[in-house]
Amino acid sequence: MKFSLLHPRVQLVTIMERIYGYGMTTTSGGNLSILDENGDMWITPAGVDKGTLKPQDIICVKPDGTMVGPHKPSSEYPFHRAIYQKRPDFRAIVHAHPPALIAFSIARQIPNTRIIPQAHTVCGQVGYAPYRLPGSLELGAVIADTFAQGFDVVLLENHGVVAGGESLLGAFQRFETLDFCARTLIQAHSVGEVHSLTDDEIALTRKHGEKLPTFKPTFHTSRERELRQHIIDLVHRAYDQRLMTSTAGTVSARVDENSFLITPYGLDRLYLDLDDIVLIRDGQRERRKQPSRATRLHMAIYQAHPEIGAIISAQSPNAVAYCVTRRKLDTRTIPESYIVLRDIPLLPYGVQFGDGKKIIKQLGKDKPVLLLENDAILTTGATLMQAFDRLEVAEFSAQAVIATTHIGELVPIGAEEVKELEAKFLS
Ligand SMILES: [Zn+2]
């Protein structure tokens, strides 16, 4: 879907539904705007239920200040106006009060985006605006001044967060990625000390992902078509369960000996369509498509491991809490976890950007899941469903182990019982 071609009214309602639907705002909090090329500002209204917002509820504020629409504009209209004045590169603004970011805002701490490279690339450094009365010109001035320093996302002291962008989708992705960082950091707090990436470490990702030569497919097998649909269904499901964000997460599936399908680079995970999935055959990519930057790694894994039929890498907050603290996740918690996940090796940051040999060496029948330091969880399976199940089980297990830290000590299943499980289920 080409989101930018939707009318501003529809874009605003769609993104508000997404923010409300995923628990990132209440019915009364949050507001969004788009600035048109002719200076019209389209903004969400004040006092209208965010859960049932309709395109006709959106207000249009003309450059001379005339308001067109059935409601008053958001009470935070003054800060939207002030930000656009200071940042002419912005075409959209997203503001809301998601719980994890409120936690940072009331602890008066700025969430660290250097925990995974993609989050830092999307959000950059986060600005901090001191508290002022909501709806006041003073609040508008302190927020706009902070954006004027070059930040693209600003934490509001004892209030929430504002993200700007060249498009509404871009501003939303920044907002959502920062919320992901906040949720991950909160979970990581119970696991250990968070490791922050340096500029050089973040720069490693840019050198990676050189393009494959292209080819024009002359046929699409039924198996390939079926897998395209299955990949999309699972990406949407992973997004709905917050195992992926709009900007991160890769899924691939083997079609036959020489080809596989993989999700594209840079497209919003929630709006992926059949045609967005990229076919890779004999080391070439389907023409006019940009596959995930992990394509070469997935290709190397499929070549080395004929038993693997699907690979997922994802950023789910509880599993990633272990990646960013560089701690091992104990899977000897309940039988399901150990049977589905086995032991999960933790691999050093950067192995995914090289030739992938260290990853290939670690993977095997008894090691289907890996944690990559300051990056992602990588799961494999004979089928897409098996790789997806492993992602879910790993995320649940991590969540349970983190929850345990609040109530007592984790008592793992003993060595004898593990042997018994291996004999019954894994031999
Ligand atoms: Zn607010």
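View 1. Helix 13, residues 384-407, lies across strand 10, strand 14, strand 16 and strand 17, and its direction makes an angle of about 140 degrees with strand 17. Helices here are DSSP runs of H or I with at least four residues, strands are runs of E with at least two, and both are numbered from the N terminus. Axes are lines fitted to C-alpha atoms, for helices over the stretch in contact, with angles from 0 to 180 degrees between N-to-C directions. Contact, here and below, asks that the C-beta atoms of two residues, placed from the backbone, lie within 7 Å. Helix 10 (residues 317-325) lies across strand 16 (369-372) and strand 17 (376-381), running at about 120 degrees to strand 17. Please keep in mind that this is a predicted model, in which local features need pLDDT of at least 70 and side-chain atom pairs count only at pLDDT 80 or more, while totals for chains, interfaces and linings use all residues. Residue numbers start from 1 along each chain as its sequence is written.

View 2. Follow the strands in the order 9-13-12-11-10-14-17-16-15 and you will trace an open sheet with mixed pairing. Two strands count as paired if DSSP finds at least two bridges between them. Strand 9 (214-215) and strand 15 (346-347) each have a single partner strand, so one side of each is left without a neighbour in the sheet. Strand 9 runs parallel to strand 13 (residues 284-286), and 2 bridges join them; in strand 13, Glu 286 is the bridge partner of Phe 215.

**View 3. Strand 10 and its two partners.** How many of the 7 residues of strand 10 are buried? The count is 6, so strand 10 (residues 250-256) is mostly covered, where buried means that 20 or more other C-beta atoms lie within 10 Å of a residue's own, exposed means 12 or fewer, and partly exposed is in between, with C-beta atoms placed from the backbone. Strand 10 runs antiparallel to strand 14 (residues 310-314), with 4 bridges joining them, and Val 251 has Ile 312 of strand 14 as its bridge partner. Strand 11 (residues 259-262) is also antiparallel to strand 10, again with 4 bridges, and here Arg 254 stands opposite Phe 260. The hairpin that joins strand 10 to strand 11 passes through 2 residues.

View 4. Strand 1 (residues 31-35) pairs with strand 2 (residues 41-43) in the antiparallel sense over 3 bridges, with Trp 42 in strand 2 as the bridge partner of Ile 34.

**View 5. Phe 3, ahead of helix 1.** Phe 3 sits in the segment before helix 1 (8-21). Buried or partly exposed: which is Phe 3? Phe 3 counts as partly exposed because it has 18 C-beta neighbours inside 10 Å. Leaving aside residues up to four places away in sequence, Phe 3 touches Gln 11, Leu 169 and Tyr 271. The C-alpha atoms of Phe 3 and Leu 169 are separated by 7.6 Å, although the two residues are 166 residues apart along the chain.

**View 6. Where the two domains meet.** The domain assignment gives domain 1 (3-189) and domain 2 (214-426), with bounds that come from an automatic or database assignment. Between them, 14 residues of domain 1 are in contact with 16 residues of domain 2. On the side of domain 1 that touches domain 2, the elements giving two or more residues are helix 4 (117-123) and helix 6. Helix 6 provides the largest share of that side, 9 residues.
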